[in-house]
4 protein chains.
Amino acid sequence: MIKAAILGATGYAGAELVSILSGHPETELVYLASHSYAGKRFSDIYPGMRGVCDDILREDDIKKAAEEADVVFLSLPAGLASAMVTDELLSHAAVIDLGADFRLHDKDVYESWYKTEHHSPSLLQTAVYGLPEIHRNTIKGKRLVANPGCYTTCSIMTLYPLVKASLIETDGIIIDAKSGTSGAGRGEKLGSLFCEVNESIKAYGVTTHRHTPEIEQELSEAAGRSIVLQFTPHLVPMNRGILSVCYARLKAGVTEESIKEAYSIYKDEPFVRIIDTLPETRYVKGTNLVDISWRMDKRTGNIIAMGAIDNLVKGAAGQAVQNMNILFGLDEKTGLSRGAHSPL
Amino acid sequence: MIKAAILGATGYAGAELVSILSGHPETELVYLASHSYAGKRFSDIYPGMRGVCDDILREDDIKKAAEEADVVFLSLPAGLASAMVTDELLSHAAVIDLGADFRLHDKDVYESWYKTEHHSPSLLQTAVYGLPEIHRNTIKGKRLVANPGCYTTCSIMTLYPLVKASLIETDGIIIDAKSGTSGAGRGEKLGSLFCEVNESIKAYGVTTHRHTPEIEQELSEAAGRSIVLQFTPHLVPMNRGILSVCYARLKAGVTEESIKEAYSIYKDEPFVRIIDTLPETRYVKGTNLVDISWRMDKRTGNIIAMGAIDNLVKGAAGQAVQNMNILFGLDEKTGLSRGAHSPL
Amino acid sequence: MIKAAILGATGYAGAELVSILSGHPETELVYLASHSYAGKRFSDIYPGMRGVCDDILREDDIKKAAEEADVVFLSLPAGLASAMVTDELLSHAAVIDLGADFRLHDKDVYESWYKTEHHSPSLLQTAVYGLPEIHRNTIKGKRLVANPGCYTTCSIMTLYPLVKASLIETDGIIIDAKSGTSGAGRGEKLGSLFCEVNESIKAYGVTTHRHTPEIEQELSEAAGRSIVLQFTPHLVPMNRGILSVCYARLKAGVTEESIKEAYSIYKDEPFVRIIDTLPETRYVKGTNLVDISWRMDKRTGNIIAMGAIDNLVKGAAGQAVQNMNILFGLDEKTGLSRGAHSPL
Amino acid sequence: MIKAAILGATGYAGAELVSILSGHPETELVYLASHSYAGKRFSDIYPGMRGVCDDILREDDIKKAAEEADVVFLSLPAGLASAMVTDELLSHAAVIDLGADFRLHDKDVYESWYKTEHHSPSLLQTAVYGLPEIHRNTIKGKRLVANPGCYTTCSIMTLYPLVKASLIETDGIIIDAKSGTSGAGRGEKLGSLFCEVNESIKAYGVTTHRHTPEIEQELSEAAGRSIVLQFTPHLVPMNRGILSVCYARLKAGVTEESIKEAYSIYKDEPFVRIIDTLPETRYVKGTNLVDISWRMDKRTGNIIAMGAIDNLVKGAAGQAVQNMNILFGLDEKTGLSRGAHSPL
């Protein structure tokens, strides 16, 4: 049994992680921590989990966690993880960070988008960007995994085959993404109140959203050249789900067949479905799946590529468990086989 | 492996059954039928299930189903099941009917509430009312299980301990119940349109809802005397969930302790949680659980007992699988262990 | 022109009041105050009102407000109004309090339900309970109006004709009420977050909700005897609306005709609609209307009387304006004629 | 008083028109027709309007309507209006068509996008495209107004100033638009059911949506050259509202100042608000307003221009009334002054 610790267990992503790991056949939860709720039971905070996980929440003490556990999951505000993780600590436990601190290879890019100091730049080279469908082989054997962001997972996976196969112009890419409200977290903020979110849609973080450089980094790497793109997130009045609608100009001569061929790199992926119909977030809700579809437009010369995920599963906790499975040599699907209900 | 057939597989309850049985380790789906969609793949109708269940849907032919399967689940409009099921058919396969045709012991009561003829009144004695927490021992070894309704499961389970232990007056009981919209089914009805349901709440079927006699039958049996009660359902703008809020006058001298004692009959039940806080439907969403709580009011002399379930799981497909597990001698929880996510 | 002031203008009820008064042909807003947002424009906080009300918000200074205005509306947390209002102040301006401080005639009842001291008990006799359909004649000429609560307006108006005409037993009354989430206010509370409210329903404040004594006071007065009743509120995942479903035992011999007759006391009321179909909150959304309907149940001997309002309009700001219109001798409908959209 | 007729009065747009015109001080509704509900009262279909509009619905007889009314509003499925309207009929009454039949100047473009024959191509020159902020002067004195579509109103108004002032490249424009569900109409379609829409987001009609040529026609006219653009609509789980997020490459040298200057063409428009913060559909809900904002992105060289409207008001019924006001020489705002509530 893998002994697992979670710091930040009562945020939405952390709680989803508790939920998934509670049903994972090869994992034992040994350390659940929550700065806000230390001393309470996890199921006091998430009563849906009564009888499933009634563990007492502890303080966010990463050293203790690393002593007791084989893997420590971090689900913390930006800047905390980079101050906590050290090489010494990684010698005790593997770390899978659901936050942003180790995702960007370049400290300066991190600091300019996150407006906060990075406390352990040397670890940026130690960390691997934990998108298994792209970096699976690099992830194996690592001690520090930077679990990708929700928008980024969805957007990168949708565009990656097109970039990798050089089917689209790499300038002028536009990603118009939409997210459910759990993506805003469980903080008591005015903008997250029911009556402020319900019955409305808005864009936010236009030109400034922090997931932008993460998408650019990964697609640039795939393209072999620097990509600058437009990323616009939206808040949708629903609990879960991300839809990334990506616009790019097709290179001359690209055919439906060549696009199909490009996406066939996912053909053996257990969590990717290339579909004919258009993705809807409800069809991946509660699962670790990515649904991807596309349309060529001969009138405009564009391709519109669309991907859908559950932001808390493939966009956070599910992907973290997928990474854990890789790190520990398990079948990647272990503990992630929950199918979709409908309507959920 | 138990071979299972489902007739009416593309309604919401039928589809939830497909979803649960697809993950059930001891069951194989051998016959999926849908009158409306015969010839199509199940996953064409429920794209969330692509890759999980891509079976071709067949016609609603119960004889073929019973030849190929060990158990046939029926999820059909009122009146169809009673015209299909025969003793001969039951010799080939067990039948678990998610509809109402075999729930009421008295043909006249059925016909007066359902305004339709009952086609096989003799089977009313063959059938067992499939509420495992109350009738577990009678269910074992039966061939025909009448799976309870959603409102009724929630309401009966909430009130049963109080009635059984004679703690409340049996006249004057009021059940004010609230349901998510999936309870109205997948039919293309004006009243089920998004814009007609969203941002509103209403009562419906006031004094006339068909689940009334079913609740009265079961509670009367528990009380040993005829109970007539008030049942009022409501439509809530959410996908899933039922909350039953039950009002009754406490008998003189009843204490908190005696109520606790009464509810302790559920103490070993795998799917019942007696909780201190008030039930919320989100905490049982996607699970086969019933959350129950109560409050005594010394000012009024009333008890307010509240129960919450997922109408498509414990209120339909999950309970049907629980019944199947009992019929076939499996652990009752098999295939039903999905924990709750939050928020879902 | 009536000069109006609002203290607490940025809560949901206060903002609805700004919205209504901005369109009121006989009113001028002269003083808008908000403790949290003093110094900002009202339309910075409610951008939907840009161009309609861009006034600068001021501090909650009731004296200044009363100097500048003819009427001061208070929309403040419990306990503040009773510390602010004095006879001296009432000599400068009429006060319409949307809070609870002056609704209960009995200081002890107030203090035992609200768990806070009442600072001006002598004013409890000065104040009038501002439910125009019942107390219109008493309201005229008063200087201090206690605007009723949202649940109470809906519940009292639904039950009042039955109690007044002695058609129901006054013991055993049960009110099961459901409210949209704006009723919880604009405070940054965990329980008001989108993901904590959406896709769920719950009861709350069972046996302890503060609107209980207010309903009892008014119905007792109508009955000429003390009424103790059961009131249970619920939180519904929608922005606005209250549905009160009221259960009572009919006295022997009561007929449909006598019930119709009882409700005919509302026949000239501009804001009451007695309807045949069942009320739905969406049909009164954005209006000052009350829709009321009922069903007799011969099986149980009960009447189920149902009422629906918009909690922010008839349940708060609209009724406050209705009271202002009465105080100042205007047609009661002035400024309140906004019809219903559908779907809204 | 202007005598008004509405054909198709019980669709969502038609009903909104009834609601607005019921409160319009210069209009009298003389003929309400509904193919599906002829013979019933309007308020039987829209109970929120009881007491406001209880007129009996008549058959869709445009000749009778034109005899009795000064203006006939058509809110009908595509293809019906073009078969109904004639020069003769226009001599009796002005016609404002909320449908698509007279919006496109080119019959072939209409037939290729709508896949249906156009029955009166000669009237395409008679009709005016009823977007007052752009074509106000042409609208005056016309007898046939083609009221713009909802997506198109929002998208054109957002982009028009940029195109008109030649600030953006006219190739490569992308419009990613999001709509509430009332835009799908009141038809009893599976895809409009609550449980199929709620808690999900999807794109639809990708590369094929019929509002595309309408947007292209108007922007091409403004640009003085043919524009081909990408338009992608989405379905959002909310009742009302459209958000158009428009991406374009800025021409070299364009500054914030020049953009501001371009949008200043709206500075005297009663229904346009150019705002600093980002638009949210809730802030225009229930109003005839358009909120517009933009962001320059120096990293990408793009401008992101965003507009929000209420699809049933400025996107349909409100704009139709605005057009009527122009036709009949009234103040454009007459009957359209309803301010925004919040939260609604």
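**A walk through the model**

Modeller: Start at A:E199, which is buried, with a relative accessible area of 1%. Buried means under 20% relative accessible area, exposed means over 50%, and partly exposed is in between, using a 1.4 Å probe and protein chains only. This is a predicted model, in which local features need pLDDT of at least 70 and side-chain atom pairs count only at pLDDT 80 or more, while totals for chains, interfaces and linings use all residues. Residues are numbered from 1 along each chain as its sequence is written, chains are lettered from A and ligands numbered from 1 in the order in which they are written, and side-chain values use heavy atoms, with hydrogens and water left out.

Biologist: Where in chain A does A:E199 lie?

Modeller: A:E199 is in the loop between α10 (194-197) and β8 (202-203). Helices (H or I, at least four residues) and strands (E, at least two) are DSSP runs, numbered from the N terminus. A:E199 is not a glycine, yet its phi is positive, about 60°.

Biologist: Then there's A:S166. Is it buried or exposed, or in between?

Modeller: A:S166 counts as partly exposed, at 42% relative accessibility. Its phi is also positive, near 55°, in a residue other than glycine. A:S166 sits in the loop between α9 (150-164) and β7 (174-179) of chain A.

Biologist: How confident is the predictor in chain A?

Modeller: pLDDT is the predictor's confidence in each residue, from 0 to 100. Chain A averages 96, and 98% of the residues score at least 70. For the complex, the predictor gives an ipTM of 0.97 and a pTM of 0.97.

Biologist: Which surface do chains A and D use to meet?

Modeller: The copies meet through the same surface, because 100% of the interface residues of chain D are also interface residues in chain A. Contact here means heavy atoms within 4.5 Å.

Biologist: New topic. Which residues have the most contacts inside the largest nonpolar core?

Modeller: A:F73, B:F73, C:F73 and D:F73, in a core of 233 residues. A nonpolar core is a set of buried Ala, Val, Leu, Ile, Met, Phe, Trp, Tyr and Cys residues joined through side-chain atoms within 4.5 Å. Residues up to four places away in sequence aside, D:F73 touches several others, including D:I6, D:L21, D:L98 and D:M324.

Biologist: And B:F102, where is that?

Modeller: B:F102 lies in the loop between β4 (94-97) and α6 (107-114) of chain B. It is buried, at a relative accessible area of 1%. Beyond its neighbours within four places in sequence, the contacts of B:F102 include B:V85, B:H118, B:L123 and B:L144.

Biologist: Which residues of helix α12 in chain D are buried?

Modeller: In α12 (residues 256-263), they are D:I259, D:A262 and D:Y263. They cover an arc of only 95° around the axis, which puts them on the same side of α12(D). That arc is of the directions from the helix axis to the C-beta atoms. The face turned away carries the exposed residues D:E257 and D:E261. On the buried side, α12(D) packs against α9 (150-164), β11 (272-274), β12 (290-297) and β13 (302-309) of chain D.

Biologist: Last one: how many disulfides are there over all chains?

Modeller: Zero, where a disulfide is a pair of cysteine sulfur atoms within 2.5 Å. A:C154 is in none, as the nearest cysteine sulfur, that of A:C246, is 7.3 Å away. A:C154 is buried, with a relative accessible area of 0%. In chain C, the sulfur of C:C246 is 7.3 Å from the closest cysteine sulfur, in C:C154, too far for a bond. C:C246 counts as buried, at 1% relative accessibility.
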